[in-house]
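These are my notebook entries on one protein model. I list what I looked up, entry by entry.

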Amino acid sequence: MSQGNILIISILLATLGAVSLIAWAFIPDLMERYKKLSEKRAARASRSLDEMFIWVSHKKLILVFGLSPVILGIVFFTLFGNILLLVGGFVLGFILPMTVINILDKNRKKKFYAQLPDTLTSLTQSMKAGLSFMQALEIVAEELPAPVSQEFALLVKEHKMGVPLNESFERLNKKMESDDLNLITTAILIAFETGGNLTEIFSHLHENIRKKNRVSGQLKTLTTQATLQGKILTALPVMFAILIFKMNPGFFDQMLSSAMGRFLLIWCVISEVLGALMLKRLSHIEV
């Protein structure tokens, strides 16, 4: 074996040894930091799931948050053999669990909002039948479907444990973030403090919420076409650029090779993003 080969092998062994020492020094610390991060994210997810009455053990959540980035990274790399996709799979696995939980929470709140008119109807009928307000809340908790039954069952349970009613309603308002619910609870608390006919108040609130939902539905129907047109207009330049590149890969070479061309491409991207944001803003109407 020549001296040149011996030198190359020696350099490779020295490099491998240095890398191994660095890995031995830093990998345990990185693993510990990653474990703590997974535990922290799992604790936050556990609180969110508990609020949705979904019971998952803390250990399972730690496994999900800890292993999903690694698993998706390995899957992406195995399927496509690209180191960038390995990183992309790791990032996707990192954000996916919390994204799923947020989607579940958003869908649950939408279902809760849709059940508020039926809740008011149940409260009104129960109080007209001679039941007290707390008994009417118990009827809502027993007879209506989730999630409204779950939330009002918790409210009734808190009241029986001695929690003031206004604190329970404040917690519910903060949790569900609904203008309609805030209007209902405000009316209830004012009626308790100053007196008032809750049955009549609930009837008026029910009618107002029904009208608001009807107007919201009409506006959504009217803005659907504008939203679809905005999405099409946003996608057209991108799809056109991809089509041109597929047909003639050298079409953009002159733009990419000159400072002015790169500036124009960057300006096109910025204009595209600004246009998409403006279209989204113009097609969205608050009720």
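Is Trp55 buried or exposed? I looked up its relative accessibility in this predicted model and found 62%, so Trp55 counts as exposed.

**Entry: aromatic pairs**

I next asked how many aromatic pairs the structure holds, and the count is three. One of them joins Phe53 and Trp55: the ring centres are 6.1 Å apart and the planes stand at 75 degrees, so I recorded the pair as edge-to-face. Phe53 has a relative accessibility of 23% and therefore counts as partly exposed. A pair with planes over 60 degrees apart is edge-to-face, and I applied that cut-off to the next pair as well. Phe112 and Tyr113 have ring centres 6.5 Å apart and planes at 75 degrees, so this pair is also edge-to-face. For Phe112 I noted a relative accessible area of 0%, which means that the residue is buried. Tyr113 has a relative accessible area of 27% and is partly exposed.

I also checked for a charge over a ring. Arg41 lies over the face of Phe94, at 3.9 Å from the ring centre.

**Entry: confidence**

I then looked up how far the model may be read. The mean pLDDT of the protein is 81, and 88% of the residues score at least 70. Confidence is lowest in helix α1, residues 3-51, with a mean of 68. It is highest in helix α5, residues 148-160, with a mean of 92.

**Entry: overall make-up**

I recorded ten helices and zero strands for the protein. Along the sequence the pattern reads α-α-α-α-α-α-α-α-α-α. The protein has 287 residues, of which 26% count as buried.

**Entry: salt bridges**

How many salt bridges does the structure hold? I found nine. Asp118 forms one of them with Arg210, with the closest N and O atoms 3.6 Å apart. Asp118 belongs to helix α3 (residues 83-128) and Arg210 to helix α8 (residues 198-247), so this bridge ties together parts that are 92 residues apart in sequence.

I then turned to Glu151, which lies in helix α5. Its partners include Arg171, where the closest N and O atoms are 4.0 Å apart. Arg171 lies in helix α6 (residues 165-176), so the bridge to Glu151 ties together parts that are 20 residues apart in sequence. I noted Arg171 as partly exposed, at 25% relative accessibility, and Glu151 as buried, with a relative accessible area of 0%.

Glu151 also meets Lys175 in a salt bridge, at 2.7 Å from N to O. Lys175 lies in helix α6 and Glu151 in helix α5, so the pair ties together parts that are 24 residues apart in sequence. Both Glu151 and Lys175 are buried.

Which residues are linked with Glu151 in a network of salt bridges? I recorded Arg108, Glu158, Arg171 and Lys175 along with Glu151.

**Entry: helix α4 and Phe152**

I looked up Glu142 and found it in helix α4, residues 133-143. Its relative accessible area is 64%, so Glu142 is exposed. Glu142 and Phe152 are ten residues apart in sequence, and their C-alpha atoms are 9.1 Å apart in space.

**Entry: helix α8**

I checked the length of α8 against its residue count. At 1.5 Å a residue, its 50 residues should span 74 Å, and the end C-alpha atoms are 70 Å apart, which agrees. Where does α8 bend, and by how much? I found a bend of about 35 degrees at Thr223. Thr223 is among the buried residues of α8. I also listed Leu198, Thr199, Phe202, Leu205, His206 and Ile209 as buried in this helix, together with Gly230 and Ile244.

Conventions: Residues are numbered from 1 along each chain as its sequence is written. This is a predicted model: local features need pLDDT of at least 70, side-chain atom pairs count only at pLDDT 80 or more; totals for chains, interfaces and linings use all residues. Side-chain values use heavy atoms; hydrogens and water are left out. Rings of Phe, Tyr and Trp (its six-membered ring) pair if their centres lie within 6.5 Å; planes under 30 degrees apart count as stacked, over 60 as edge-to-face and the rest as tilted. Buried means under 20% relative accessible area, exposed over 50%, partly exposed in between (1.4 Å probe, protein chains only). A charge sits over a ring if NZ of Lys or CZ of Arg is within 6 Å of the ring centre and within 35 degrees of the ring normal. pLDDT is the predictor's confidence in each residue, from 0 to 100. Helices (H or I, at least four residues) and strands (E, at least two) are DSSP runs, numbered from the N terminus. A salt bridge is a side-chain nitrogen of Lys or Arg within 4 Å of a carboxyl oxygen of Asp or Glu. The expected span of a helix is 1.5 Å times one less than its number of residues. The bend at a residue is the angle between axes fitted to the seven residues ending there and the seven starting there.
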